[in-house]
Amino acid sequence: MMRFVKSTLGLAVATATLAFGAGEAFAQQKELVFGLQCDRTGPTATVGVYLCPGYHDYIDLVNSKGGVEGYKIKVIEVDNEYKVPPAMEAHERFKKDGAVVEGLYGTPQTAALNKKLEEDKIAGTSPGFGTANAADGKRFPYTFPIAASYWSQAGAAIEFAKEKLGGSLKGKKIAYLFYDNPAGKEPLPILEDLAKSEGFELRTFAVPAPGLEMGAQILDITGRFKPDFVVTHLFGKAPSVSIKELKGKGYPLSKVIAFVWGGSEADIIAAGGMGVAEGYNTIQFAGVGKDFPVLKEIAAMYKAAGKAAPKEMDSTVYYNRGVFIAAVHVEAVRNAIKAKGGGVPTPEEVKKGMESIKGLTLDGLVPPMELTAADHEGGGWCQVWSVKGGKLVKSKDWFQGFRAVIQKQLAADASKS
Amino acid sequence: MFHREAGVFKTTYAADMALYPLPIAKWTMVVLAILFVVVLPLVLHEYQLSILNLIFIAIVGALGLNILVGYTGQISLGHGAFMSVGAYTAANLAVHLGLPFWLTLPAGGLMSAAIGVLVGMPSLRIKGLYLAIATLAGQLIIEWTINHVPAISGGAQASIQIDRPTLFGYVLKSQAQLYFFLLFFAVLAIVVTLNLMRSRIGRAFVAVRDQDIAAEIIGIDIYRYKLLAFAISSFYAGVCGVLYTYYFGIANYEQFQLIVSIDYLAMIIIGGLGSVLGTIFGAIFVTMLPILLRVVLESAGSLFFSDSELANVISGTRLAVFGALIIVFLIVEPEGLNRLWRNIRSYFRVWPFSY
């Protein structure tokens, strides 16, 4: 039997070689390759189908204006279906095709690629994915969260609550409703730390996967604990359920703030529509809405080509995040090309370029972040957008919540390992 | 030397069970050994090697599941969780005690085997769908435990980073280096399984699968063999988990959730239950098909769609075609790819004089 075992393996490999050989792309001169992992069909497809078009559209816009410093950009997208082995395959494909920078997708996928990125010296961005301690550029030199980590979001949520509750949290009660997975538990040390220093009472309520059943937890929050503020950190369909349940129990949504994966238009509409969720607050790491020049340029680009603007643009929360990621990649490459005097940058130089991003704002779509070799999070900037009169309205501009506490936690985590 | 027999001429059990029934088998082995050890690593790009590496790991895990489901007839939905047991055992031993991979690997397997026996206990009383639900509970309990016990998971993030495997002071980290590392374990798993199934244990497994009451009557201790099947299967799963851990450099239980158990079940059902060759076919099929479909759709799709549409079309079509192909293959040959291959082989065995 062994012979057939081996002979078929060989056959399969031979076919693969042929197929891949044919599909291999030869990078032309003055072209740079970006790799983008995406999830359009897996459990987080609700995010991917809006976020990834945003990325592509921004790159198309850059290309239509002559590229970045004269280089056209080619994006290779691989749908990893939120599975880990395909993420590794995707990374190897990007590497083979000469990608200078890579967009990661998914928390376990980011964890699995941390080490490989470092060994291959290709920078990968993981906004909203991966772990908070990856902000430490010394420990994870090639992983770039580039957006506020869950620790920073926890700081921002408490700061927002403090402001809403009249400037002091002494003696107040805050409930933390979270998805019972590592990402959900990650902010706990920050919240506990803040509970001590700010003097509020913190109680946590875990929602088990898949997060569609939280009647008991909500009843516990609204009926027994009666908090002054609720912080939610949920994924997938869970945010919609939480809005519906809290509303159903009569809790004011203006005293609820959601982390970044609980605040898209789709989440709120699925909970019964924008009109129902009046007051609901969401943390954002990229600008929301269509009122940005770059988005108008994208729409104009489509119009010039005789096409209607894509419907994905209407889901501004995720679409704008795609634009944001693309803008960071382009800026990193621009810095690298400039530093090299126009030469073709290597992935390592793009990584250095990313570490010198500063003052990239896209008129407010991108936070005023500053990436450095030590801080790959860029400062942990957040905005709060709230539902008012049927749409999302900015209620707090870019801010860093309790930055000192987060930095203390980062230092403590670094000394542990 | 290169001839094949034109029919069935075996007259002894020994001849029937030989691993190399004909000289051609030995020669094929030699050729394949040279191909995999010398030619492929030299010829293939690192990218293709990385796909082979994923297939090698999948083969180890799928073989374990096939021993349990295909050979012994006990269904399990907890295979992914057993992988995570192996992964965390190895990661903890490697990080806290600094043990090398040749100790953490069997340790991960053994720990997983122990847990597997526990989860397999219900198999002594229930069968079929009931057992599927019992093992599903095992999967969820193990996931929950790892998530909530920091001593196992290494903290809130439930992931433990480990160093690359070293052998005689030589760090294995590039895809080519890991290729040999993983090839060794895939071949080892294949050889062990082939021989296990020719032994008394393997025959007892098959007897339990075909009719457990009959097996008990002819003197097979079915409790012992059912639990042994769970132990061996989980051992493979644990080793598979350890290999994933060394391959990715991190143990993270989110890599081993229920969907992984389902994926591995798909591999052995598509490949062929109760067959080593089928397992390998299945592992290749499930790993490679999405990649091949993407390559084909990328080149063909650009003729019909704009770039922005194409990404959605590729993802959606790939999923639909993948599902449709599974259905087609199982309608054409319910016993899997292995049976398909055997049919082709027996056709050509007597070709062109089939009568």
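How many bridges join strand 11 of chain A to strand 12 of chain A? Six of them, and these two strands run antiparallel. Keep in mind that this is a predicted model.

Let's stay with strand 11 of chain A for a moment. On its other pairing, strand 10 (residues 281-284) of chain A runs antiparallel to strand 11, joined by four bridges. A:Trp385 of strand 11 turns up in both pairings: A:Thr282 stands opposite A:Trp385, and A:Trp385 stands opposite A:Lys394 in strand 12. Here are the two pairings side by side:

| Strands of chain A | Bridges | Direction |
|---|---|---|
| strand 10 (residues 281-284) and strand 11 | four bridges | antiparallel |
| strand 11 and strand 12 (residues 391-399) | six bridges | antiparallel |

Strand 11 (residues 382-388) of chain A is largely enclosed by the rest of the structure, because six of its seven residues are buried. The hairpin it makes with strand 12 has two residues between the strands, and A:Gly389 takes a positive phi near 60° there.

Now over to chain B. Helix 2 (residues 23-43) has 21 residues, which should span 30 Å at 1.5 Å a residue, and its end C-alpha atoms are 28 Å apart, so the two agree. Still, this helix of chain B has a kink of about 40°, centred on B:Leu35. Its buried residues include B:Thr28, B:Leu32, B:Phe36 and B:Leu40. In an α-helix, residues three or four places apart point the same way, because there are 3.6 residues a turn.

Finally, where the chains meet, the contact takes 48 residues from chain A and 52 residues from chain B. Helix 1 of chain A gives the most to chain A's side, with 16 residues. By class, that side of chain A has 23 nonpolar, eleven polar and 14 charged residues.

Methods. Residues are numbered from 1 along each chain as its sequence is written. Chains are lettered from A and ligands numbered from 1 in the order in which they are written. This is a predicted model: local features need pLDDT of at least 70, side-chain atom pairs count only at pLDDT 80 or more; totals for chains, interfaces and linings use all residues. Two residues are in contact if their C-beta atoms, placed from the backbone, lie within 7 Å. Ala, Val, Leu, Ile, Met, Phe, Trp, Tyr, Cys and Pro count as nonpolar, Asp, Glu, Lys and Arg as charged, and the others, Gly among them, as polar. The expected span of a helix is 1.5 Å times one less than its number of residues. The bend at a residue is the angle between axes fitted to the seven residues ending there and the seven starting there. A residue is buried if 20 or more other C-beta atoms lie within 10 Å of its own, exposed if 12 or fewer, and partly exposed in between; C-beta atoms are placed from the backbone. Two strands pair if DSSP finds at least two bridges between them.
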